[in-house]
Amino acid sequence: MIIRLATIFILILVSSCGFKVLNSGIDYKITEIITSGDKRINYFLKNKLLLNSKSNSENLIRLTVNTKKSESIQEKNISNQITKYEIKISSEVQIDNLKNKKSYNFTVNQSGSYNVGTRHSETINNEKDLANVLIDSVFNEIFDNLINILNDS
């Protein structure tokens, strides 16, 4: 009896607290994606964003993405040989909601480092693997911001 009353009491408190569940299943249609900057990163971002776009949605979105990738030396060993590189990806995103004619701007920054391999092919593979991880992180952040923007409007 006490357990039932406690359960009902907790349900009443939780249901009336004003907490709003974020709708991650929002549908939108990207009418246009304008990209500039690093072509490889933009190619992957564009494909991932279009994959989540619904063709019959009323939420019409236009995206402008400007992506920059920079690579720098992070570490050298005692004999002045490079042992680690750092990659930084910066994407400036503009989302134009064509339904309510509002525009939103934000910047996504991701960085990471990779080790130099004993062979050149290992180093190239390490760089590509890190770049793919960073691209996924940039996409997830853009997608989360897109969902937040569409939930607010």
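I began with Asn-80, which sits in the loop between strand 2 (60-76) and strand 3 (82-97). I took helices (H or I, at least four residues) and strands (E, at least two) as DSSP runs, numbered from the N terminus. Phi of Asn-80 is near 65°, a positive value in a residue other than glycine. I then looked up its accessibility: Asn-80 is exposed, at a relative accessible area of 55%. The cut-offs are under 20% for buried and over 50% for exposed, with partly exposed in between (1.4 Å probe, protein chains only).

A note on the source: this is a predicted model, where local features need pLDDT of at least 70, side-chain atom pairs count only at pLDDT 80 or more, and totals for chains, interfaces and linings use all residues. Residues are numbered from 1 along each chain as its sequence is written, and side-chain values use heavy atoms, leaving out hydrogens and water.

Next I checked Lys-101, in the loop between strand 3 and strand 4. Lys-101 is not a glycine, yet has a positive phi of about 55°. Its relative accessibility is 73%, which counts as exposed.

Last, I noted confidence (pLDDT, from 0 to 100 for each residue). The chain averages 86, and 85% of the residues score at least 70.

Terms used
pLDDT is the predictor's confidence in each residue, from 0 to 100.
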